[in-house]
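Here is a short report on helix packing and nonpolar cores. Please look over the model first.

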Amino acid sequence: MAQTAPPPGTPSSSSSPSGPRPGDENPWASGGVMFAGVLLMVDGVLDAIKGIAGIASDDVYARINDYVFKFNVTAWGWIHLILGIVIAVVGWGILKGSAWARGAGVGLAALNMVANFMWLPYQPVWAVVSLAIDTFVIWALCTARKPVI
């Protein structure tokens with residue numbers, strides 16, 4: 001038996017006149033989760049590169065004499081290297097569709113935002129780019145309701 005379309009003016013099962021139903025997915029958010037996984041991997045690699053540069057040479061980044069957070073550049077390098085590796089692994093988990101990775105992604109992106117805010121005086125442009133990436137990642141992972149894959 002052939003299926004027929006509902007008559008005009010009758011709400012179909014895919015949309016309702018009162019707006020989106022609970023469980024409807026925002027297309028920006030659903031595509032954003034996959035993109036957030038990729039961005040976390042990229043941000044993790046960038047953090048690891050920042051870390052390696054800071055560990056390899058103390059004079060790669062400018063020193064701030066009167067800055068509140070007085071870590072030396074090598075300490076910042078280790079912080080960024082470890083955080084970067086963990087963030088990249090979580091990004092891979094998001095791409096694989098792991099449920100644990102979405103929650104961990106939000107937490108690690110927030111932690112990375114704090115670290116990059118504290119890193120602003122050393123490399124402002126690089127830190128602001130990471131802050132923007134982390135902001136999008138948190139938004140995408142918090143607004144999507146359905147699993148990625």
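## The H2–H3 pair

Helix H2 (residues 73–96) packs against helix H3 (residues 99–119) at an angle of about 155°, their axes 9 Å apart. H2 is therefore roughly antiparallel to H3 (angles over 145 degrees count as such). H2 passes H3 in a left-handed crossing.

This is a predicted model: local features need pLDDT of at least 70, side-chain atom pairs count only at pLDDT 80 or more, and totals for chains, interfaces and linings use all residues. Residues are numbered from 1 along each chain as its sequence is written, and side-chain values use heavy atoms, leaving out hydrogens and water.

## Contact residues

Residues of H2 including Trp 76, Leu 83, Ile 87 and Val 90 meet H3 residues, among them Trp 100, Ala 104, Leu 108 and Trp 119. Contact means heavy atoms within 4.5 Å. By class, the contact of H2 with H3 has 14 nonpolar, five polar and one charged residues. Gly counts as polar here.

Val 90 is in contact with Leu 40, Trp 100, Ala 101, Ala 104, Gly 105 and Leu 108, leaving aside its neighbours within four places in sequence.

## Nonpolar cores

The largest nonpolar core has 18 residues. A core is a set of buried nonpolar residues (under 20% relative accessible area, 1.4 Å probe) joined through side-chain atoms within 4.5 Å. Leu 40, Val 90, Ile 94, Val 137 and Leu 141 have the most contacts inside the largest core. Helix H1 (27–56), H2, H3 and helix H4 (124–143) each give two or more residues to this core. H4 gives the most, with five residues.

Apart from this core lies another, of six residues, including Val 73, Trp 76, Met 118 and Tyr 122.

Methods:
Axes are lines fitted to C-alpha atoms, for helices over the stretch in contact, and angles run from 0 to 180 degrees between N-to-C directions. Helices (H or I, at least four residues) and strands (E, at least two) are DSSP runs, numbered from the N terminus. Angles under 35 degrees count as roughly parallel, over 145 as roughly antiparallel, 65 to 115 as roughly perpendicular and the rest as oblique. A crossing is left-handed if the near helix is turned anticlockwise from the far one by less than a right angle, and right-handed if clockwise. Buried means under 20% relative accessible area, exposed over 50%, partly exposed in between (1.4 Å probe, protein chains only).
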